[in-house]
Amino acid sequence: MKTMKLLFVCMLATLFAYAQENVPPYMMTDVEVTPPKFTAVKYSPADNTNSLKTYIANNFKYDAENGEITDGTEVVKFTVNTDGSLSEIKVVNSVSPTVDNLITSILEGTDYMWMPGKNNGVPVAMEKEIAIQVKLGMTESAAKDRDFTEIARDHFTKGSEKLFFDQKTKKAIKHFETAVRYRPYDQSTLYMLALCEVDRGNTEAAQAYVDRFRKLGGDKDILEEKLAQDVKSVDSYEQLSQLFANK
């Protein structure tokens with residue numbers, strides 16, 4: 001039985017999904033929709049090739065006195081208005097409060113540096129989400145070798161072991177939270193966090209993970225088909241199913 005469960009955990013850890021940050025223009029109900037694009041300077045149609053990641057890296061000034069910092073993948077969403085300004089900046093996946101403050105402050109300084117999104121050529125306010133990998137205290141070559149996917153997979157596996165082998169939900173959550181800090185778009189980790197939160201009676205947090213799972217296009221039925229009976233045997237599975245049934 002233990003061998004079968006170990007095989008299950010290994011299989012589960014391979015389900016990591018990869019998100020695409022750069023979304024090309026696409027057609028929807030005969031309306032051409034073009035996502036907003038960062039320009040690094042006040043928007044000019046003649047120059048729209050600058051990189052937001054480079055801009056953030058160049059302006060990421062960390063002082064140890066500002067607070068504790070760690071590495072991970074910071075996800076922030078905001079609205080790009082028709083005049084290239086930003087509003088409603090919100091952290092979706094936090095690396096640490098210090099990183100939250102640093103990146104939010106940098107984004108606030110990019111007002112009017114955005115080419116607005118358009119519908120049929122007409123500028124419209126649009127929501128955008130960005131993911132920034134934060135790697136600290138390392139040389140450039142060492143940073144390239146630091147694989148966030150492998151780190152997340154390791155914590156995902158440990159979280160699964162704590163949940164299914166030891167029935168220690170709180171310890172499982174810590175590992176899943178670390179996994180999602182590095183790989184915030186992994187749908188299987190979000191699902192497992194929702195399951196754990198239901199198991200400890202935190203319905204509000206569980207619903208938030210369910211909503212995020214849906215927004216990322218997660219398919220509960222396909223995921224559960226891969227998970228076989230292990231997840232369905234957890235006592236809180238039926239409660240989780242009810243949250244997924246909520247619209």
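# Close-up views of a predicted model

**View 1. Helices α7 and α8 pack against each other.** In this predicted model, the axes of α7 and helix α8 (residues 203–215) come within 8 Å and cross at roughly 160 degrees. An angle over 145 degrees counts as roughly antiparallel, and α7 is therefore roughly antiparallel to α8. The crossing of these two helices is left-handed. On the α7 side, the contact is made by Gln187, Leu190, Tyr191, Leu193, Ala194, Glu197 and Val198. On the α8 side, Ala205, Ala206, Tyr209, Val210, Arg212 and Phe213 take part.

**View 2. Helix α5 packs against helix α6.** The axes of α5 and helix α6 (residues 169–182) lie 8 Å apart, and the two helices pack at an angle of about 165 degrees. The helices α5 and α6 are therefore roughly antiparallel to each other. In passing α6, α5 makes a left-handed crossing. From α5, the residues that meet α6 are Phe148, Ile151, Ala152, His155, Phe156, Lys158, Gly159, Ser160, Lys162 and Leu163. Their partners in α6 are Thr169, Lys171, Ala172, His175, Phe176, Thr178, Ala179 and Tyr182. This contact of α5 with α6 contains 9 nonpolar, 6 polar and 3 charged residues.

**View 3. Helix α5 also meets helix α7.** Here the axes of α5 (residues 148–164) and α7 (residues 187–199) come within 12 Å, crossing at roughly 30 degrees. Because angles under 35 degrees count as roughly parallel, α5 and α7 are described as roughly parallel to each other. The crossing of α5 past α7 is left-handed. Phe156, Ser160, Leu163 and Phe164 of α5 make the contact with Ser188, Thr189, Met192, Leu195 and Cys196 of α7. The residues of this contact divide into 6 nonpolar and 3 polar, with no charged residue. Phe156, Ser160 and Leu163 of α5 are also listed in the contact with α6.

**View 4. Pro184 lies in the loop between α6 and α7.** Is Pro184 buried or exposed? Its relative accessibility is 5%, and Pro184 therefore counts as buried. Leaving aside residues up to four places away in sequence, Pro184 touches Thr73, Val75, Asn93, Leu190 and Leu216. Another partner, Leu190, belongs to the α7 side of the contact with α8.

**View 5. Gln167 occupies the loop between α5 and α6.** Most residues other than glycine have a negative phi. The phi of Gln167, however, is near 55 degrees, a positive value in a residue that is not glycine. With 56% relative accessibility, Gln167 counts as exposed.

**View 6. Asn120 lies in the loop between β7 (117–119) and β8 (122–124).** Asn120 is not a glycine, although its phi is positive, at about 55 degrees.

**View 7. Asn246 is found in the segment after α10 (237–245).** Its relative accessibility of 37% places Asn246 among the partly exposed residues. Which residues does Asn246 touch, not counting those up to four places away in sequence? They are Gln207 and Arg214. Asn246 and Gln207 are 39 residues apart in sequence, and their C-alpha atoms are 9.0 Å apart in space.

**View 8. The whole protein has 10 helices and 9 strands.** This view sets the close-ups in context. Of the 247 residues in the protein, 45% are buried. Among contacts between residues at least 6 apart in sequence, 70% join residues at least 24 apart. The average pLDDT is 78, and 72% of the residues score at least 70. Over residues 17–30, the pLDDT is below 50, and this stretch has 21 contacts in the model beyond near neighbours in sequence. Where pLDDT is low, the predicted coordinates should not be read in detail.

Technical notes: Residues are numbered from 1 along each chain as its sequence is written. This is a predicted model: local features need pLDDT of at least 70, side-chain atom pairs count only at pLDDT 80 or more; totals for chains, interfaces and linings use all residues. Side-chain values use heavy atoms; hydrogens and water are left out. Axes are lines fitted to C-alpha atoms, for helices over the stretch in contact, and angles run from 0 to 180 degrees between N-to-C directions. Helices (H or I, at least four residues) and strands (E, at least two) are DSSP runs, numbered from the N terminus. Angles under 35 degrees count as roughly parallel, over 145 as roughly antiparallel, 65 to 115 as roughly perpendicular and the rest as oblique. A crossing is left-handed if the near helix is turned anticlockwise from the far one by less than a right angle, and right-handed if clockwise. Contact means heavy atoms within 4.5 Å. Ala, Val, Leu, Ile, Met, Phe, Trp, Tyr, Cys and Pro count as nonpolar, Asp, Glu, Lys and Arg as charged, and the others, Gly among them, as polar. pLDDT is the predictor's confidence in each residue, from 0 to 100. Buried means under 20% relative accessible area, exposed over 50%, partly exposed in between (1.4 Å probe, protein chains only).
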